[in-house]
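Work through the two exercises below with the sequence and the 3D structure at hand, and try each task before reading its solution.

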Amino acid sequence: MKLYNTLTKKKEEFVPIEEGKVRMYVCGPTVYNYIHIGNARPMIVFDTVRRYLEYKGYEVTYVSNFTDVDDKIINKAIEEGVSTTEVSERYIDECKKDMADLNIKPASKNPKATEEINGMIQMIQTLMDKGYAYEKEGTAYFRTRKFDGYGKLSKKNIDDLEAGKRIAIEEQKEDAMDFVLWKPKKEGEPFWESPWGNGRPGWHIECSVMAKKYLGDTIDIHAGGEDLVFPHHENEIAQSEACNGVEFAKYWLHNAFLNINNQKMSKSLGNFFTVREIGEKYDLQVLRFFMLSAHYRTPLNFSADLMESSKNGLERLITSAERVKAIRDKNAGEITGEEKELLVKAEDYVKKFETAMDDDFNTADAISAMFELAKYANINVTETASKEYAGEIYKMMTDLGNVLGIILEEKKEILDEEIEKLIEERNQARKDKNFARADEIRDLLLEQGIVLKDTREGVQWKRA
Ligand code: AMP
Ligand code: ZN
């Protein structure tokens, strides 16, 4: 299996540090609002990378953080007159709902910055002890020039970078390239005690600390959107390697942008759709399928037309798989000699899929192989096929679907008795004062278009 490493600018054979195991870190979102579909691209593509590694038999430890202390969160909290924790916890919950709807596997660990402050203080202290960091009036800085490899990921030269930089008047740093590890408290902002006074950490240090704590000093794969290469990942490398004295990550993977009218989708430009908005119009599997229709390193333009064609394509795959499943369920019998031959031919499409994925996770070609397999099944699994053969083909189709996180099943309408059962469970949860679960059930039903109304006579429901 080959993957493109931003660090070497080459496709390289993947060799994990420890046989059979992969330690992977993906930079997560800053939680101050609903995530937009641009943010969803790294989540979907790196979840697919993880799924493929697992399909290949690796045991994957997947860590992705939530940045829950940041200027944007603080501003939002001020705007709403609530605490920063209220804002961040709310959007972590909302983000997790979106991720579940996008069929993103739960991470092995989702550390939050605010829960890792001690580790950050420790790392900054080590950097100070080693001469890689210094403090000036409550701000801790990284001494960038002291770290020899600075620029090796982004291929930037430190002198060129410096030429374009000035030290702002309010900063007291030694060199324009030095970056902040810890900043002093400002009025009304959350803060923590530290050897350099009350304050809060800079953004880059959080990922270095979390990766070290949950995955070790050297990890296999570090990933994120391409806008993170510089300065975020470059700074992470500097901090981690200066602190630990060993290579930080072996493979660096970066996804290209999701664009709209050929411009990066972003909160600041206002040209975005939230995952929630798209979910009102489409099953979010369609969004996932659309994202994977392009290779992760090529820019992808979002459009209604492309979403429609993804929807149609996905429906074709589902129809094909459902037909094969129905044949499996209605027929009997073991695989015949002739069917065995047909099965061997079908395996060619699985190999094609694997070859595509082995080539730096080429999901676009992998999806083509799935279409070919569906076409083959439409012709070569007849109404009289044996149960065993139809079952094998069905498994083949759904196994490939699973690698991409696509469930090849018709979504069934929720039945009345299932609704009643959930309402009963919600009533019990409320009696037990388990309001989180009660809300979860209400949201779950809402997702299925079921609206609840609490009345004196009890809970009533209707399909919206
Ligand atoms: P942020 O919350 O802005 O730090 O972004 C979280 C993740 O989403 C990072 O990995 C970003 O690189 C990524 N990201 C943000 N916007 C886009 C976009 N338009 N296309 C692809 N990735 C994006
Ligand atoms: Zn990060």
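**Exercise 1: the ligand and its surroundings**

Ligand 1 sits in the second largest pocket. The model is a predicted one, in which local features need pLDDT of at least 70 and side-chain atom pairs count only at pLDDT 80 or more, while totals for chains, interfaces and linings use all residues. Residues are numbered from 1 along each chain as its sequence is written, and side-chain values use heavy atoms, with hydrogens and water left out.

Task: find which residues surround ligand 1 and which atoms lie close to its nitrogen and oxygen atoms.

Solution. Begin with the shell, where 15 residues surround ligand 1, the closest being Gly-38, Gly-225, Asp-227, Leu-258 and Met-265. Helix H1, residues 37-55, gives the most to this shell, with three residues. Next, take the atom pairs: a backbone N or O atom lies 3.2 Å from a nitrogen atom of ligand 1 in the case of Gly-38, and 2.8 Å from a nitrogen atom of ligand 1 in the case of Met-265. In Asp-227, an N or O atom of the side chain is 2.3 Å from an oxygen atom of the ligand. Finally, of the 490 Å² of accessible area that ligand 1 has on its own, the protein covers 88%.

**Exercise 2: the cysteines**

Task: count the disulfides (pairs of cysteine sulfur atoms within 2.5 Å).

Solution. Applying this rule gives a count of zero disulfides. Cys-95 is in none, since the nearest cysteine sulfur, that of Cys-27, is 14 Å away. Cys-95 is also buried (under 20% relative accessible area, with a 1.4 Å probe and protein chains only), its value being 2%. Cys-207 is likewise buried, at 0% relative accessibility.

Conventions:
Chains lettered and ligands numbered in written order. Buried < 20%, exposed > 50% of the residue type's maximum accessible area, 1.4 Å probe, protein only. Near = heavy atom within 4 Å. Polar contact = N/O pair within 3.5 Å; in protein donor to acceptor, adjacent residues only side chain to side chain. Areas by Shrake-Rupley, 256 points an atom, 1.4 Å probe, with all protein chains shown as cover. 1 Å grid on protein atoms, 1.4 Å probe; cavity = no way out; pocket = protein on both sides within 12 Å on 5 of 7 lines; lining within 4 Å. Sits in = over half its atoms within 2 Å of the grid points. Helix = DSSP H or I, 4+ residues; strand = E, 2+ residues; numbered from the N terminus.
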